[in-house]
Amino acid sequence: MSFTARAGEVLSILGPNGVGKSTLFKCILGLLPDYTGNIDINGLDASGLKVSELAKQIAYVPQRSEPVFNFSVHEIVLMGTTNKLKLFSSPGKSARAKAEQALEKLGISELSNRCFHHTSGGERQLVMIARALVQDTPILLLDEPTANLDRGNQILVLEQIKVLAKEGYTVLQTTHDPEQSYMFSDKILTMKDGTVLSCGSPAEILNKETMKSLYGVDMEVSSLFDDRARFCVPVSVISDEN
Amino acid sequence: MDRKNIKKTETQYEIMPKEQSAMNVQDDKIKKIPPHRQLAGPSAIMIFIAILIICTLFSFTLGRYPVPLKELLAILGNKIFGLFQDAGKFWTEQMEAAVWNVRLPRVILSVLVGACLSAAGASYQGVFQNPMASPDILGASAGAGFGAALAIFLDFKHVNITLSAFAMSLITVALVFRISNYVKGGKVLGLVLAGIMVSSLFNAGTSFIKLVADPNNKLPQITYWLMGSLSGAKWSDIRFVIFPMLAGLIPLLLLRWRLNVITMGDEEAKTMGVDAGRVRLAVIISATLVTASAVSVSGMIGWVGLVIPHMMRRIVGSSYRWLMPVSMLGGSIFLLMVDNISRNVTTAGIPIGILTSFVGAPFFILLITGRGERY
């Protein structure tokens, strides 16, 4: 498979379960070193980078993070600064200020002293994004950032992601929601059987042919609000009701 | 309006209207979100240092031979800084001997052993992401016990018993590492499982030595060693363990921020630039070194490594940045005070291992059932 993600763009990766989206992310993150092929990050070969060097290029927001111990939100975000620390040092004043700034930017500074365990799903996702932001990397990888979130929180998170891309981040996210990826991304990559099915602008990708070949389900795709949104409805629903 | 929807009025229950009660419960939940940290790290460290100094001085004055505080300070001043030479001495030789040769090594050893066990417990809990981990998780205690039992059985001298316990402890953990490489599944799980198996094997070995040991002198000595005790602490013990202890404690202090990141899991840690495998190995080696040193001079002292880090989490929060130093100080204070009870309650002295269990187990129950944060 081959694709390029550019700065200032949100690239959404769509694909059925088990197609290899997470595996792809793990390869990019250097967690699965034994891949064949080439991952090029701003002109650097990813396989030649050390863990610490890679963490200066890519920040990762996991789908779900369950810390065993009861850290405060501030401490969790502070962990993102580790990529700039020497082996034996702890984050100092400037790192703490940076963590607070990131929380402020995402509008959750009031959570700073809260226990991570006492935050809601949406807040957690924003906290993890804040942690990725303090890593100061050009690239953000988000693994299903809106899974487990309610509709309101999903939109909150997606809007923030879009803002970050506008600021110049290269954003890659996996998702299971074609409609949202239509609204909130600049480019969509679809994956099937471990390889790229199609890649292009949301308008090119979100149609009933791609949905059928991607998910194996017949869907009608209708355009709404001057094609600013598209809506996928399974054919079975429409025909049953008729 | 009462906080709860059911209010007890003498013998009958009054049930409030459903809607009201539902709203109240919500309010209650919002208020209940507690502030994360009760005490800021640096102040906690200062307070614990102060408590440790006071406890140390207090421990010197305790004992069957009374030494008043004034004489105590003078003796220490004389020995350390060369004050009150010759004619200036206003204390007796017995006082000097009691303070310098008996109490001081014992106090130093309790402080060191307490710090080591507590730091090792906190470290293992972090690297294994398991709040129930304790210093003996990789078999360090079981190995030391076997080494000591074997040495006593073979009629070794005091120093050689310590040496044998220390060596066997390290050998055991090395064996656990070796076996864990062949365990299918995760690295951490492999270590923990291998730790359980190898510990059990060495405990069986210890039991066998106890079975065949001379029941009149060897068996009581082995049993007493296994119970854990700081009585008979000597300067030679301190000289023996101080270097391995420092060689372990210092890296644990230095790596404490990385340890924080590791508790988030290996993959997340790597994406934040922490080489989880290497840091874990360094932490495990350091923690094993301090555990082996502590156990080889004190015998089996349980609960310190489990209870103290949890207690300290309540005070300074979970971040190892403060938790590690505060756990060391807290472990020292705890063991010092328990040892004071051990050597002063009865003339024979209750082995400290028994006391830490008596104090630790109920305390832990209180900790896990009490109100407030989990862990």
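Analyst: In this predicted model, the area buried between chain B and chain A is about 3300 Å², counted as the accessible area (1.4 Å probe) that the two parts lose on being put together, summed over both. Carbon and sulfur atoms give 62% of that area. The interface brings 34 residues of chain B into contact with 40 residues of chain A, where contact means heavy atoms within 4.5 Å.

Residues are numbered from 1 along each chain as its sequence is written, and chains are lettered from A and ligands numbered from 1 in the order in which they are written. Local features need pLDDT of at least 70 and side-chain atom pairs count only at pLDDT 80 or more, while totals for chains, interfaces and linings use all residues; side-chain values use heavy atoms, with hydrogens and water left out.

Across the interface there are 2 salt bridges, each a side-chain nitrogen of Lys or Arg within 4 Å of a carboxyl oxygen of Asp or Glu. Arg131(A) and Glu268(B) are joined by a salt bridge at 2.9 Å, N to O. Over all chains the count comes to 15. Among these, Lys208(A) pairs with Glu220(A) at 3.6 Å, N to O. Because Lys208(A) lies in helix H9 (residues 208–215) and Glu220(A) in strand S9 (residues 219–224) of chain A, this pair ties together parts 12 residues apart in sequence. Helices (H or I, at least four residues) and strands (E, at least two) are DSSP runs, numbered from the N terminus.

Chain B also shows how helices pack. Helix H3 (residues 69–81) and helix H4 (residues 93–127) of chain B have axes that come within 10 Å and cross at roughly 70 degrees; axes are lines fitted to C-alpha atoms, for helices over the stretch in contact, and angles run from 0 to 180 degrees between N-to-C directions. H3(B) and H4(B) are therefore roughly perpendicular, the term for 65 to 115 degrees. Residues of H3(B) including Leu72(B) and Ile75(B) meet residues of H4(B) including Val99(B) and Trp100(B). This contact has 7 nonpolar, no polar and 3 charged residues; Ala, Val, Leu, Ile, Met, Phe, Trp, Tyr, Cys and Pro count as nonpolar, Asp, Glu, Lys and Arg as charged, and the others, Gly among them, as polar.

H4(B) also packs with helix H13 (residues 304–316) of chain B: their axes come within 7 Å and cross at roughly 75 degrees, so H4(B) and H13(B) are roughly perpendicular to each other. Gly114(B) and Leu117(B) are among the residues of H4(B) that meet H13(B), whose contacting residues include Pro309(B) and Arg313(B). By class, the contact of H4(B) with H13(B) has 6 nonpolar, 6 polar and 1 charged residues.

Definitions and conventions: Angles under 35 degrees count as roughly parallel, over 145 as roughly antiparallel, 65 to 115 as roughly perpendicular and the rest as oblique.
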